[in-house]
Amino acid sequence: MRRLMWIVVLLLFRPLQTQAVDANWQAWLVMNNQLTLIDSNGAVLRTTNLPYVGRFDDSVYYRSQFSPDGRYVAYTSRSALQASAKDQLIVYDLFRNQIIMQKDGGGSDLHFNQSGDELAYFATSDSPYFLQIVHVPDGKIVYGQPLDWDRLKRNFPEQPSQYLSIRQFDDGWIELYLNAAIKGATFMWSHDSMMMLDDTANEVQDRLDRTGEKLVAFNDYQFMGITGKPLEFNTLQLFDPTRKTFKPIYVGLNDTYGDAYFVQHGEKIILRQWVTKTRSHYQRGYPPVEDNWLLLDRDGHIQDKLTLPTNRYAGNIHRTATGFIYTLFQAKATDIRSISLPSVFEMDTRNGFGQSRMVWTVEASMVSSFIGRNRRRLNIGWVG
């Protein structure tokens, strides 16, 4: 009996076992038409070259879109040197290493649905904004009709400069955004309806796929006095799709704010802010702005701040379980100290901005591909 009591006591006071965080990830890197799959240790798991039309001209880098599961990559291939060659919309199966869909005319605003079996885009057509949806495995067109562009433009008749973009594609509906200079409107499209959600100018900074939450920058009239400039986005807000509500998490945005991202699987948020530097600063080859990062919790409390060295350029932020990964470049092509080639880094944000570690860098034999403005050709296309 006494032995049993000791066992009970030991069980009661045994430290709780916390669930381990899986810090492992894989990422597809895009360099021109070459894709490289790496893991969180920097090991190269696969490389493949995407087919293209004529001579490659960066179209894969600028227009590629990966399916959520990382199986498919869609892109428009364009030949800059062959005027007679038609743009090609290509979907490549990375599991089978082959093209599974190829259509003349190309496309823009490529978006997979959440299951990855359908692709929505604006097809090249005589009609503006010809919306097309294809079933990816067999290439069959599910929908193909021009949107009523004249009707959409009538929402802001006083704004001559307007364009439409696809923001999100889920099964059965598409979120569209009409940008009209200083105004904007969000629409929900389905096969038989078009509905305006709001007429607030805004920018969706990031979306958390598992919850549908969004980080949105827009001009909230209740905070109009913060910046003193009525046409600027003055707040970063968290949109809850279940309650259909916005929660301000950072008030006081102005023309220096950059981008916002969910990190650490959505538990925290990064807000980038830009501080304009003097002319002599960027005449020496450095960026014209200083890049400051704020680490926020979901209530907007600042947990840490990081200022990048002025000769570094960071981009392609993608969240992981413990923080995020990103690309880092030299901002000055002739500066070969420390980081001489574009690289992939990982940052742990569980206790503020932790030590950043280099995960992967391009081979020295590829240095000629990253001279001057081409240094930004390294892109993180997908992380899972």
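What percentage of the 384 residues in the chain is buried? Buried residues make up 49% of the chain, where buried denotes a relative accessible area under 20%, exposed over 50%, and partly exposed the range in between (1.4 Å probe, protein chains only). The model is predicted; local features require pLDDT of at least 70 and side-chain atom pairs pLDDT 80 or more, whereas totals for chains, interfaces and linings use all residues. Residues are numbered from 1 along each chain as its sequence is written, and side-chain values rest on heavy atoms, with hydrogens and water left out.

The chain comprises four helices and 28 strands, assigned as DSSP runs (helices H or I, at least four residues; strands E, at least two) and numbered from the N terminus. Its accessible surface amounts to about 20,100 Å², with 50% belonging to carbon and sulfur atoms; areas were computed by the Shrake-Rupley method with a 1.4 Å probe, and for residues only the protein chains shown count as cover. Of the contacts (heavy atoms within 4.5 Å) between residues at least 6 apart in sequence, 43% join residues at least 24 apart.

The largest nonpolar core has 20 residues, and F122, L131, L147, L164, I174, L176 and W189 touch the most other members. Such a core is a set of buried Ala, Val, Leu, Ile, Met, Phe, Trp, Tyr and Cys residues joined through side-chain atoms within 4.5 Å. At least two residues of this core are supplied by each of β9 (118–123), β10 (130–135), α3 (149–153), β12 (163–170), β13 (173–180) and β14 (183–190). Strand β13 gives the most, with four residues. When residues up to four places away in sequence are not counted, I174 touches A120, L131, I133, I166, Q168, F169, F187, M188 and W189.

The structure holds 13 salt bridges, each defined by a side-chain nitrogen of Lys or Arg within 4 Å of a carboxyl oxygen of Asp or Glu. In the pair formed by E175 and R167, the closest N and O atoms are 3.9 Å apart; E175 counts as buried at 5% relative accessibility. The side chains of R207 and D209 meet at 2.8 Å, N to O. R207 is buried, with a relative accessible area of 16%, while D209 is partly exposed at 44%. For R357 and E346 the N to O distance is 2.6 Å. This pair links distant parts of the chain, with R357 in strand β27 (residues 357–361) and E346 in strand β26 (residues 343–348), eleven residues apart. R357 is partly exposed, at 35% relative accessible area, and E346 is buried at 8%. A network of salt bridges links R71, D93 and R96.

Strand β4 is joined by two bridges to the antiparallel strand β5 (residues 72–77), in which V73 is the bridge partner of F66.

Most residues other than glycine have a negative phi. N97, although not a glycine, has a positive phi of about 55 degrees and is found in the loop between β6 (88–93) and β7; N97 is partly exposed, with a relative accessible area of 40%. K244 is likewise not a glycine and has a positive phi of about 60 degrees. K244 lies in the loop between β18 (235–240) and β19 (245–251) and is exposed, with a relative accessible area of 60%.

Methods:
Pairing = 2+ DSSP bridges.
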